[in-house]
Amino acid sequence: MSQNNHSGNLPPKPTKSKIATEKTIVNSLLSATLVGLSANRIEVEATFNRGLPGFAVVGLVSSDIQESKERVKSALLTNDFKFPPLKITINLSPSDIKKRGTHFDLSIALLIALQKNRLDESELYVFGELGLDGRVKSSSTLFPIILSLKEQGLLKRAIVPKDAMPHLSHIAGVEFIAVDSLTEAIELLKNKSYQASTQKFTYKADSIVVNEKVYYDDRSIDSDFRDVKGQNIAKRAALISASGMHNFMMEGNPGCGKSMIAKRLKDILPPLQEEDMLTIAKHQFLDGTTPDFLAKRPMRSPHHTATSASIFGGGSTQARIGEVALAHKGVLFFDELPHFSKNILEALREPLQDRKVNISRVHSKVEYEADIMFVGAMNPCACGNLLSKQKECRCSEQEIKRYRNRLSDPFLDRIDLFVVMQEISMEDKAGVSSKEMKKMVNRSFIIQKERGQDNLNGKLLEHEIDIFCKLTEEAEKILFSAIERFSLSHRSLGSIKKVARTIADLEESKDIEKRHILEALSYRKR
């Protein structure tokens, strides 16, 4: 007799599963992270699945983002939000880019708080660090990130901390929605009641308009050239250097005024465009300092004991900027030049020539702009008395040679103006003031810009030299004679033309004439 496999009182087993499945909502918001000096767009995604309750953040994130879990939890709980008994997964995509920064807090918290709402904000960026009570705070990398995204054309609208607006208001073309708290940000996204901040910034500086472009100029004087007695040749060279942003070196006995002249250069430098001022501010933020957004070019003067990493940037895992980047669009001053490391002096050749620096590490490679005006000061020998008529030099010929050999010919070839300072005398008198020199620099600046130059004379590219540095026939003869007599390199030839162009601009001369070439040649190192 055959037996049944089931009792007649029991229903047959179902052949197919009838368990209903719910579709999971995957919401996302946009944020960004810095990779070197450039920002990369990051998509912050969130899922809520059945399972053992938990909270995980994935996507190659750093420790400060992992710590955001505790900040987000506290901020949500203190604002009466109850965590669902679900497994919460936050993913920062793309997953092959290392993410850093506390500004991801707000986007993570918003995705959790609005888990049951469908978010459709494909172009809305969210930035902000959270306090434990739900306050939205700014961070040091926020300004560089937003400026970089704007320059790439990726950012049109963003939710940002209200306390960051005094800095972010400098960035035009972005709709900023400023919030004070997490609750305020939640209500914004729920109701889609976006209201852009109307805060605008006006620069406390004079402005110059040339060819429909605005240049800002802070004309305040901290240290006056009138304080430098005598040294008329050096002050003339300083004026030319500032007018065209030419590299400049001074040699002379201790106490003759080299450092005084160098430190007064920053007050007579040419005006700045807004884009340049924002780049300067970005570098200051990355250095951990709060910028003042003044229309004044920076000046950096590191000590000769500074390391190569502090000058050019470095770091074992994350490349950071150095003094060269902080001097971008301004002056990098090396006092006691031969006492700097040989490696540093030779590595300077790249930014002086190409106006950029490359930092290569195992985990990161960074290239950043370094459009600097280099100024150096040095003694004629180790004891400093070689050129003195009153004091006897204590150095041997071998010591003098060793001291001077620290500066290689390729490095010196990148210096446009070289001046040997005179000894101080009781008969020396005060000469031209910084205010008068600033007027001459600005007049030369306007002439250069009206000529259609993007770069100032000292930074002209090879093809631009032929376009803008037109010589008279007599001037060309003098230059050809100098090439044969002094065996000038191609770089030296271009440097002489650029210096002569600036001298001609100071005299408001259309073409470079014989006297301009002769004066430019007088500033070459012999």
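P94 is found in the loop between strand 4 and helix 3; helices (H or I, at least four residues) and strands (E, at least two) are DSSP runs, numbered from the N terminus. The model is predicted: local features need pLDDT of at least 70, side-chain atom pairs count only at pLDDT 80 or more, and totals for chains, interfaces and linings use all residues. Residues are numbered from 1 along each chain as its sequence is written, and side-chain values use heavy atoms, with hydrogens and water left out.

Most residues other than glycine have a negative phi, and most peptide bonds are trans. The peptide bond from S93 to P94 is cis, and its omega is near 5 degrees. L60 is not a glycine, yet its phi is positive, about 55 degrees. L60 sits in the loop between strand 3 (54-58) and helix 1 (63-66).

Strand pairing was examined next. Strands of a sheet pair through backbone hydrogen bonds, either parallel or antiparallel. Here, two strands pair if DSSP finds at least two bridges between them. Strand 1 (residues 27-35) and strand 2 (residues 38-49) run antiparallel and are joined by 9 bridges. L34 has A39 of strand 2 as its bridge partner. The two strands, strand 1 and strand 2, form a hairpin with 2 residues between them. In that turn, G36 has a positive phi of about 70 degrees. Strand 2 also runs antiparallel to strand 4 (residues 87-93), with 7 bridges joining them. There, F48 has I88 of strand 4 as its bridge partner.

A further hairpin is made by strand 10 and strand 11, again with 2 residues between the strands. N211 in this turn has a positive phi of about 50 degrees. Strand 10 (residues 206-210) and strand 11 run antiparallel, and 5 bridges join them. V210 is partnered by K213 in strand 11.

Parallel pairing is found in an open sheet of 5 strands, in the order 13-14-17-12-18. Strand 13 (299-300) and strand 18 (417-420) stand at the edges, each with a single partner strand, so one side of each is left without a neighbour in the sheet. Strand 18 pairs with strand 12 (residues 248-251) in the parallel sense over 4 bridges. M249 stands opposite F418 in strand 18.

Helix 2 (residues 68-77) and helix 3 (residues 105-113) pack at an angle of about 50 degrees, and their axes are 10 Å apart. Axes are lines fitted to C-alpha atoms, for helices over the stretch in contact, and angles run from 0 to 180 degrees between N-to-C directions. Helix 2 and helix 3 are therefore oblique to each other (angles under 35 degrees count as roughly parallel, over 145 as roughly antiparallel, 65 to 115 as roughly perpendicular and the rest as oblique).

A cavity is a set of points where a 1.4 Å probe fits but cannot get out; a pocket is an open set with protein on both sides within 12 Å along at least five of seven lines; lining residues have an atom within 4 Å of a point. Grid points are joined across faces, edges and corners, and a volume is the space filled by probe spheres set on the points.

The largest pocket has a volume of about 770 Å³. Its lining holds 39 residues, with Q273, E275, D276, K329 and D454 closest to the centre. Helix 9 gives the largest share of this lining, 7 residues. Elements that each supply at least two residues include helix 4 (142-151), strand 11 (213-217) and helix 16 (434-450). The lining of the largest pocket divides into 13 nonpolar, 9 polar and 17 charged residues (Ala, Val, Leu, Ile, Met, Phe, Trp, Tyr, Cys and Pro count as nonpolar, Asp, Glu, Lys and Arg as charged, and the others, Gly among them, as polar).

The second largest pocket has a volume of about 540 Å³. Of its 23 lining residues, F486, L488, R524, K525 and R526 lie nearest the centre. Helix 18 supplies the largest share, 5 residues. This lining divides into 13 nonpolar, 4 polar and 6 charged residues.

The structure holds 1 cavity of 30 Å³ or more. The largest cavity has a volume of about 50 Å³. It is lined by 13 residues, and L269, P270, A295, K296 and R297 lie nearest its centre. The lining of the largest cavity has 6 nonpolar, no polar and 7 charged residues.
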